[in-house]
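Subject: Handing over the two-chain model

Dear colleague,

I am passing on the structure below, together with some notes on what was found in it. Please read them with the model open beside you.

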Amino acid sequence: MADTEAFDFVCGELEARTSLDRLAARGTVRIALKQAGLDSRSATPEQMAVVVEKLLTAELTNRGIPDAASLCAQIAQKARRLQGAASPETPDAVFRRLGG
Amino acid sequence: MVDALLLLSTVAFIVAGGVVGWRLLALARRTRQLTDFIIGFMLFDLSAIAYPLIVWAGVGGLPLERARWVGIVGSFAATVGWAGVYVFTVRVFRPRVAWARALATGGIAMLAYGFVAGAQFNLRTSDPAALTSTANPVYWLQAAAILAYGWTALEGLRCFLQARRRLAIGLADALVVNRFLLWAWIGVFALICIAPSFVIGLRGGDYVHHTGARLATALSGFAFAIATQLAFLPPPAYRRWVNGGARASA
């Protein structure tokens, strides 16, 4: 199963706007996603935006990326504008519905 | 004392599972979602059809011929219900994952073997005690059910741990997170309902009259009923408590 467009977008932005190479950018985003209990194959644009704002900033700061907070705010804003592809039904969606 | 507890627990198990299963079937009619139908059918079938029939066949004091057929119908209902546990687990927690499909297929094959071999055994035997003896290959059914409940409990726990992290950053609903945990407990309690009698039976013991097994079944039956109710028909006070706890820790 492929990574979502939102994940690829955030990684691409990091690669283009920081000194991180492709591998490091994707690895850093995956670490932030894991901290949030999310997966690169199912993360929606909104989820990616929240992870970028709340978790990625610290990861980038730890890697010595300057002005990480401002960069993340800009990437999150762009990520929110992405159209989320129709993703397969997640356990969250099923268990939310089952509660009535 | 244990008899009374077991009777109350049996009633609680049947009523809670039956009511919640029925309610989820009604939900499935509205949503047209196969997953909703599977869990609703599975809960209703196992709690309100299979379990009462199996108990009736085992300890109902029925004549052999009737006990044999009640047992076969109950085993069939259990086979279908437990197959539903496998299908639900793979569809919801591990869709498109090869090992999960293989595990579910293997589990359902065990169930089918247990049912067919158990039914043939029940039709052949002339000894009422043999219906619940270790010689009865219906034990394959119980083994497959233990595997299904253990697996779905682990998946529920995994999702709970992941969702708890999302809750901390505002990406999850506290009730849904709690429902994953309750689902894991439902799996554990259902497993405990079966496992002691399975182990005692495999060791050649008389599980029908074993006090420890009966007590474990009674207590886990109560716990199953409570967890099922809280997960899928939570009272407003419980909803407030879960949401309040999430807000307090935010």
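The contact between the chains takes 19 residues from chain A and 25 residues from chain B, where two residues are in contact if their C-beta atoms, placed from the backbone, lie within 7 Å. On the side of chain A that touches chain B, the elements giving two or more residues are helix 3 (45-62) and helix 5 (91-98) of chain A, and the largest share, 7 residues, comes from helix 5 of chain A. Helices here are DSSP runs (H or I, at least four residues), numbered from the N terminus. That side of chain A divides into 10 nonpolar, 5 polar and 4 charged residues, with Ala, Val, Leu, Ile, Met, Phe, Trp, Tyr, Cys and Pro counted as nonpolar, Asp, Glu, Lys and Arg as charged, and the others, Gly among them, as polar.

Before going further, please note that this is a predicted model, in which local features need pLDDT of at least 70 and side-chain atom pairs count only at pLDDT 80 or more, while totals for chains, interfaces and linings use all residues. Residues are numbered from 1 along each chain as its sequence is written, and chains are lettered from A and ligands numbered from 1 in the order in which they are written.

Turning to chain B, the 30 residues of helix 1 of chain B should span 44 Å at 1.5 Å a residue, and its end C-alpha atoms are 42 Å apart, which agrees; the expected span is 1.5 Å times one less than the number of residues. Among the buried residues of this helix are Phe13(B), Ala16(B) and Val20(B), buried meaning that 20 or more other C-beta atoms lie within 10 Å of a residue's own (exposed if 12 or fewer, partly exposed in between). What covers the buried residues of helix 1 of chain B includes helix 5 of chain A together with helix 2 and helix 7 of chain B. Just after helix 1 of chain B, Arg32(B) takes a positive phi of about 60°.

Finally, Trp56(B) is found in helix 2 (residues 34-59) of chain B and is partly exposed, with 17 other C-beta atoms within 10 Å. Not counting residues up to four places away in sequence, Trp56(B) touches Leu62(B) and Val70(B). Trp56(B) and Gly71(B), 15 residues apart in sequence, are 8.0 Å apart in space, C-alpha to C-alpha.

With best wishes
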